[in-house]
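Subject: A structure for you to look at

Hi there,

Here is the structure I promised to pass on. Please open it beside this email, and then read on for what turned up in it.

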Amino acid sequence: MSTAPVIVADDSVVEKPQDETRSSSWWHLPASLTVLGLIALILFGLRGLPGTESTFALARETDLNPLGLVPERITVPSQLAAILLAVLALAASAGLWALQALRARPPRALRLTLIAVFAVAWVLAFMTWVISERSLDVTTLLQSTIVLAVPLAFGALSGVLSERAGVINIAIEGQLLFGAFGATLVGSLTGNVWAGLIAAPLVALLMGALLALFAVGYHVQQIIVGVVLNVLALGVTSFFFGTVMRDNPGTFNAALRLPVLRIPLLADIPVIGRVLFEQNILVYLMWVIVALLTVALFRTRWGLRVRAVGEHPKAADTVGIPVNLTRWKNVLLGAAVAGLGGATLTIGTGVAFGEDMSAGKGYIALAAMILGRYHPVGALLAALTFAFADSLQLRLGTMTAAEGGVSIPGDFLLMLPYVVALFAVAGVVGRVRVPAADGEPYIKQ
């Protein structure tokens, strides 16, 4: 035990004990990264295809690229580049070994930097190996990553809103599905895609109301309620899809699409221009809502009350905060946000509604929320990580063995986003601090 000075309100100095006992599992992460680094070195590097090249397409002729500062293409020798990147990943894992061996409580910023360097180097080594003798358009990959991240991010934000107030939201999957269903149905009936956008969060509110009714009002076990609501959402939407929408697609299930809003000049920036500034309104809303929720939760009186309800509801009630009403409001607001994510699955991508089209994205969003440590920015970053894995598997799935290079079985590619989610969440279990009253019903005394 050591002590560190803490300045209190009256400027006096007190000694606050800090536990610097090393965790018995401190070596798990460095060891895991070392194994992954060795796999990259052996499989992607030493056993890679010799004499081949990997090409990354970055810029286009029409981009705003004075003096060609960003090259249109970067071509590297596949095997050598993979080896160098794998060595960099191993160096980052060695740095993590040293950091955690020397310090019981290593600096968080330095630790995260080493993990980030390892992750980037490892992913680039994999991409260099897998596109040997082929080309990968980086801008298209990142653009699809943003699109795929939107439903995950909105779903994760829904979870943050609910669980910060103490309500476990397993029903994100059903809320996404209802949002997609409502957007298509109302948009088709009115012939107006904007009406569908407005309807998506309103229809998803039905799922939120049911969750709040049973979890907050009747104190039913919240995980069970969430699972049941997901099954209910699948059953209801499948029934209407099979009996109404499939037989009359022009009237009830038209493929509508939100227009792309292009920001001049900014959209012409190489690589990131079309990724960030040539998207539909749902993508822009995602950035805005993340910023607003971050400020609202951690910089406003409302956020303080929400977090108080999620951490210590009895104390919050004592000072006059209506605990159950706050939980009701947050669950409903979270459901509406998830409904926007559901709209992305249909009118955001220009496809008609399909049976079970959420396809487990609600559960991936739940994992993103946990990996993001119940913080809006963290949830967004986690959603982007999972979406990148999904986008990569879609792009690699279009590459055939006839093009040359490495061929990866399609079944493995389909597993990739879920494998990434599994390992990511497994890596933070026990390290993420869950709101203290999360999942605990509150009965006013």
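This is a predicted model: local features need pLDDT of at least 70, side-chain atom pairs count only at pLDDT 80 or more; totals for chains, interfaces and linings use all residues.

My topic today is charged pairs. Side chains of opposite charge can pair when their charged atoms come close. In this structure there are five salt bridges, and I would like to walk you through some of them.

Let's begin with lysine 444 and aspartate 317, a salt bridge whose closest N and O atoms lie 2.9 Å apart. This pair links distant parts of the chain, 127 residues apart: lysine 444 sits in the segment after α16 (410–428), and aspartate 317 belongs to helix α12 (residues 313–318). Are these two partners buried or exposed? Lysine 444 is exposed, because its relative accessible area is 58%. Aspartate 317 has 17% relative accessibility, so it counts as buried.

Now find arginine 262, which is partly exposed because its relative accessibility is 41%. Its side chain meets that of aspartate 268 in a salt bridge, at 2.3 Å from N to O. Arginine 262 also forms a salt bridge with glutamate 278, with 3.6 Å between the closest N and O atoms. Here strand β6 (residues 261–262) holds arginine 262 and strand β7 (residues 278–279) holds glutamate 278, 16 residues apart. At 22% relative accessibility, glutamate 278 is partly exposed too. Through shared partners, Arg262, Asp268 and Glu278 are joined into one network.

Happy exploring!

Note on methods. Residues are numbered from 1 along each chain as its sequence is written. Side-chain values use heavy atoms; hydrogens and water are left out. A salt bridge is a side-chain nitrogen of Lys or Arg within 4 Å of a carboxyl oxygen of Asp or Glu. Buried means under 20% relative accessible area, exposed over 50%, partly exposed in between (1.4 Å probe, protein chains only). Helices (H or I, at least four residues) and strands (E, at least two) are DSSP runs, numbered from the N terminus.
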